[in-house]
Amino acid sequence: MIRLGSAAMIGLMTLSRIAQLIAVILVIATFNFVLVRAAPGDPAQVMAGQSGASDPKLLEDLRKEYGLDKPYAVQLASYLGRVIRLDLGYSYRQRRAVVDLILERLPATLLLTVTAFCLALLIGTTLGALAGLAAGSVLDTVFTVLSLVLYATPVFWLGLMLVLVFSVTLGWLPPFGYETINVKFSPLAHALDIAKHMIMPVTSLAAIYLAIYARLMRSSIIEVAQQDFIKTARAKGLSGPSIVVGHMLRNALVPVVTVAGMQAGALVGGAVVIETVFAWPGLGRLTFDALLQRDYPVLLGIFLILSIVVIVLNLLTDLIYKLIDPRMTTGAA
Amino acid sequence: MIAHAVLSLLPKSIAVASGAVMVAGQNPTKLDRRALRRLRGGSAAMIFQEPLSSLNPLKRVGKQIEEMILSHQQPTPSAAEVHARVQQLLTQVGLPNPQLLERSYPFELSGGQRQRVMIAMAMANRPALLIADEPTTALDVTTQRQILRLIDDLRRDRGMGVLLITHDFGVVADVADRVVVLRHGKVVEQGTVEEVLRRPKEAYTRELIDAVPKARLDDIRHKTIRPESLLEVVGLQKTFRVKRGWLQPPREVVAADGISLTLHEGETLAVVGESGSGKSTLGRMIMRLTEPDGGAIRFNGQDLRLLRGEALRQARKQLQIVFQDPFASLDPRQKVGDAIARGPMAYGTSRSEAMEQAKKLLVRVGLNAVAADRYPHEFSGGQRQRICIARALALKPRVLIADEAVSALDVSVQAQVLALLAELRQEMKLAMVFITHDLRIAAEIADRVIVLQKGRIVEEGATADVFTAPQAAYTRDLLDAIPGRDFFDQPGFANAAGKIPTARMSS
Amino acid sequence: MDAVRAFLRHPSGMVGLVVLLIVVVVAIIAPIVFPVSPWEMVSAPFTPPGEDGLLLGGDTLGRDVAAGVAYGARVSLVIGIASAMAAMVIGVTIGAISGYFGGKVDLVLMRMTELFQTIPAFVLAILLVATFNPSLLTIILTIGAVSWPPLARLTRAEFLRLRNREFVEAALCQGEGTLRIVLGHILPNAISPILVVTSLTVATAILLESALSFMGLGDPNLMSWGFMIGAGRTVIRNAWWMSVFPGLAILITVLAINLFGEGLSDVLNPRVSRRRS
């Protein structure tokens with residue numbers, strides 16, 4: 001039997017994720033294709049958006065370009081070919097290639113989501129572990145109530161409430177935007193300025209997922225504490241802290257990381273709304289603008305790109321997972 | 001587990017060698033936390049029933065042993081010393097290739113190896129007392145014997161006391177010096193093994209000892225076999241493929257490798273083997289619950305394997321099965337009467353008639369007719385198994401497959417259910433395939449025995465022949481591994497074993 | 001019956017139920033308490049709460065925020081419950097087929113479920129509603145279409161667990177047919193976790209609906225909480241009440257449903273309840 005080292009195994013897993021990524025891109029592109037044809041109205045009109053639909057020459061050009069008179073199979077093949085070459089079409093409203101529009105906005109979205117994701121995971125699991133270890137205490141009750149409330153809060157409303165408190169009432173933080181405009185900064189000051197703008201969007205986005213991870217970590221810790229090997233550790237005469245650090249945390253993290261991966265999609269969805277609230281110049285804002293103008297090629301492109309972002313976040317949690325659980329890398333589970 | 005053993009209906013707690021409440025001159029309940037930690041894993045170490053769940057799944061076993069050493073020895077030994085000690089311990093408990101083993105995770109080891117790791121860990125600080133809580137209950141007989149022997153050897157070498165908690169009198173007879181019998185948390189009887197097992201003073205102890213299944217080799221039931229064959233299995237094949245990760249070949253487990261057997265009318269055939277021998281798969285394949293890869297199952301002139309749909313449904317009526325776990329075998333949301341009546345109703349019997357019949361069957365298996373209106377959770381394990389038997393018999397089958405049907409039950413209940421099965425077999429002229437890992441039970445109930453190992457029949461013959469003159473080495477190993485065999489096979493016990501406790505409601 | 005009695009003794013579950021009942025009552029009696037449509041101007045623009053007989057204030061066009069909140073409850077509850085039902089029908093069907101038949105069918109269906117779970121549901125919902133134009137029906141179907149994967153996975157897991165249970169095999173051996181086994185033995189034993197997750201899906205559906213209408217993708221004929229917050233967003237400096245009250249309404253409703261669902265979970269399946277994500 002070939003036993004692969006864990007580094008090689010992680011490499012292979014990454015490869016398989018990339019294969020999966022390509023498969024997902026193709027499936028989503030196909031879905032987009034079907035959606036355009038299923039939409040009420042002529043595909044050319046759909047692609048042109050509200051602004052372009054009244055221009056007969058543009059519609060004619062579009063029909064020619066996408067070969068809309070050809071059979072569906074041919075159309076699909078040529079569409080998939082374009083998508084693979086990262087040609088996501090053209091926004092007739094903005095008069096630019098969709099992929100350029102998206103790539104321009106992507107970094108801001110990534111900055112927001114990745115920061116929120118990491119913070120939520122880090123703080124959420126820490127608070128959850130504390131609550132789980134002190135199950136039944138006042139601290140635990142406070143955490144539980146707080147996370148229940150956060151879990152029920154609409155993310156965009158939480159953002160607005162932060163604006164109301166910290167910008168409107170207290171005037172501490174800028175209410176929207178990515179940076180202070182029309183001011184020349186040194187690089188460091190610029191970074192700090194961006195960070196200041198990030199505080200509220202990141203907090204509102206992270207808070208809800210933080211609540212989810214904390215709740216999960218709490219129950220996970222409580223469950224692990226009842227396992228036989230904790231009894232063993234106690235029978236070994238280990239001290240409380242070394243049982244927690246040496247035996248409980250890692251085991252308790254496994255289900256949390258699994259869920260964190262599955263929640264990545266929801267987090268990215270939340271980012272779209274949050275960007276709208278804070279006029280954050282990312283894909284969410286672009287989505288909102290595209291929606292107002294019914295700029296369909298842009299919406300389709302955003303859906304595809306954000307799906308890819310989610311898969312990349314999944315890859316990240318996969319790697320964490322593999323670091324935590326040896327059963328994953330040796331292929332035993 | 002201790003709590004469970006103490007609280008459950010028929011627990012026996014058996015103390016070996018030093019069984020003092022005071023541990024090494026200290027009373028654990030009066031120690032402060034730090035001293036208690038020194039005691040735990042220091043002078044008193046413990047091993048548990050389930051070695052897999054008792055080890056941290058995400059930590060290399062070497063590290064888990066190291067931790068035991070590092071947390072107790074003062075001054076803290078150097079890394080090299082600790083490593084050497086871990087190697088030494090792993091060698092002592094008879095694990096092959098300690099270098100590789102130390103870097104393994106628990107899931108990479110077999111059940112016996114895991115228990116050895118647990119023992120190595122327990123021995124790390126040379127304890128004065130080893131508490132072993134059902135240490136072999138989750139293991140196969142042959143592994144059980146090795147582990148018990150290992151514990152016994154270590155005890156002798158180290159002059160260490162062992163507190164062994166077990167439900168199995170065979171194990172007691174094999175390794176213990178002194179016994180304490182517990183019931184409902186109270187000591188019923190205590191003394192040396194000789195005293196308690198040979199001359200029990202209490203009725204309860206007596207009952208428990210009588211209930212240990214013993215081979216009745218003087219019985220000549222195999223003469224009564226009629227030649228007509230009822231069920232014939234020819235060259236049955238089955239391989240399970242377990243998918244593993246990416247790029248790795250699937251793991252193959254051979255569950256049946258050309259199994260052929262014949263079941264005669266009215267005969268009881270025991271199929272014995274350790275876990276992974278394919279014995280349960282055989283029973284399931286006969287019932288068509290698991291699809292064989294090849295071979296034939298002939299019953300009533302038909303090959304069951306070729307039947308589909310309605311024809312299969314009709315054939316199944318004559319073959320019924322009783323499963324191991326009485327708690328999983330009954331639909332928790334279905335009344336007991338319905339569970340029994342559903343079968344006949346599916347074949348066209350009217351509801352009122354099927355219910356009438358179900359009530360009669362409940363009485364026959366030793367329960368009350370009013371049980372029909374109750375739900376399964378209101379019954380004990382033994383009672384549920386009686387219900388399952390009634391359900392299987394409701395269709396008046398010709399073949400009954402009992403898949404470890406008494407394994408999940410306490411010894412005395414086990415004896416009662418076995419007796420019930422024996423009676424029903426006579427009454428209904430049933431042919432029975434009795435699948436079990438317990439050779440003692442096979443010897444008690446079967447006319448003929450088949451021994452399975454890794455999907456192959458290694459031995460087949462009349463019960464008395466197999467038990468008195470085993471031909472295959474594997475059969476001999478299995479027989480030798482039966483706990484307490486030497487003790488209970490002595491003439492003094494043959495008489496007591498002769499009488500089967502009558503089936504009663506009390507289970 | 002035991003379950004009902006146990007639920008009555010479950011403190012947080014009962015709080016959830018009571019609050020939920022209040023929201024339901026508000027939704028039902030909204031037209032009686034506020035006979036004037038929430039779209040009608042009833043006062044001067046930006047009337048603060050408590051003035052001019054407007055308990056929760058007036059919006060940019062002088063519409064009654066309290067009326068909007070009350071009517072919004074109807075929209076949220078109808079959409080929440082209907083789309084959770086839709087998700088349950090889709091999820092249970094897919095999960096049951098996958099779990100009972102296994103093999104290739106299972107593989108294909110589960111890959112599809114994973115895909116649906118991976119892609120950002122909210123973005124897909126935006127795309128779907130934008131494609132088919134927002135209306136009560138398209139919103140319900142869209143939320144149903146993006147919310148079913150957890151239910152499918154749960155149902156599949158339950159079916160897998162139960163289909164190899166001895167009592168199911170015993171039913172097979174006793175000659176009961178596939179449909180009878182599925183409907184008579186497997187589904188009744190799988191139903192309580194499915195109900196629990198469905199009840200929690202109502203909560204996420206309400207959140208999803210509010211986010212959609214916040215983005216301007218609500219049914220234009222219905223006054224909904226998300227729409228009100230969206231309308232209040234740009235004037236938050238002048239009229240905080242326009243966005244605070246509808247948001248609180250969402251928070252309280254969703255919290256009540258979650259408390260109710262978790263109480264249900266504790267009562268119906270104490271073992272599984274803690275495993276839920």
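Helices (H or I, at least four residues) and strands (E, at least two) are DSSP runs numbered from the N terminus, and two residues are taken to be in contact if their C-beta atoms, placed from the backbone, lie within 7 Å. Helix α20 of chain B spans residues 473-481, and its buried residues are B:Y474, B:T475, B:L478 and B:A481. Because these residues cover an arc of only 130 degrees around the axis, they are on the same side of α20(B), the arc being that of the directions from the helix axis to the C-beta atoms. An α-helix has 3.6 residues a turn, so residues three or four places apart point the same way. A residue is called buried if 20 or more other C-beta atoms lie within 10 Å of its own, exposed if 12 or fewer do, and partly exposed in between, with C-beta atoms placed from the backbone.

The model is predicted, and local features need pLDDT of at least 70, side-chain atom pairs count only at pLDDT 80 or more, and totals for chains, interfaces and linings use all residues. Residues are numbered from 1 along each chain as its sequence is written, while chains are lettered from A and ligands numbered from 1 in the order in which they are written.

B:A255 is placed in strand β8 (residues 251-264) of chain B and counts as buried, with 26 C-beta neighbours inside 10 Å. Apart from its neighbours within four places in sequence, B:A255 is in contact with B:K238, B:T239, B:F240, B:G278, B:T281 and B:G455. The C-alpha atoms of B:A255 and B:G62, which are 193 residues apart along the chain, are separated by 33 Å. In the loop between α5 (79-92) and α6 (98-101) of chain B lies B:N97, a residue other than glycine whose phi is positive, near 50 degrees; B:N97 is exposed, with 10 other C-beta atoms within 10 Å. B:R288, in the loop between α12 (279-286) and β10 (294-299) of chain B, likewise is not a glycine and has a positive phi of about 60 degrees, but B:R288 is partly exposed, with 19 other C-beta atoms within 10 Å.

Chain C contains 11 helices and 0 strands, and its C-alpha atoms fill a box of roughly 75 × 45 × 30 Å along the principal axes. Of the 277 residues in chain C, 55% are buried, and among contacts between residues at least 6 apart in sequence, 69% join residues at least 24 apart.

Chain C touches both chain A and chain B. With chain A, 34 residues of chain C are in contact with 42 residues of chain A, and the elements of chain C that give two or more residues to this side are α4 (103-118), α5 (121-132), α9 (178-214), α10 (225-233) and α11 (240-268). This side has 22 nonpolar, 9 polar and 3 charged residues, where Ala, Val, Leu, Ile, Met, Phe, Trp, Tyr, Cys and Pro count as nonpolar, Asp, Glu, Lys and Arg as charged, and the others, Gly among them, as polar. With chain B, 13 residues of chain C are in contact with 21 residues of chain B, and α8 (166-173) and α9 of chain C each supply at least two residues of that side. The largest share, 6 residues, comes from α8(C), and the residues of the side that touches chain B divide into 5 nonpolar, 4 polar and 4 charged.
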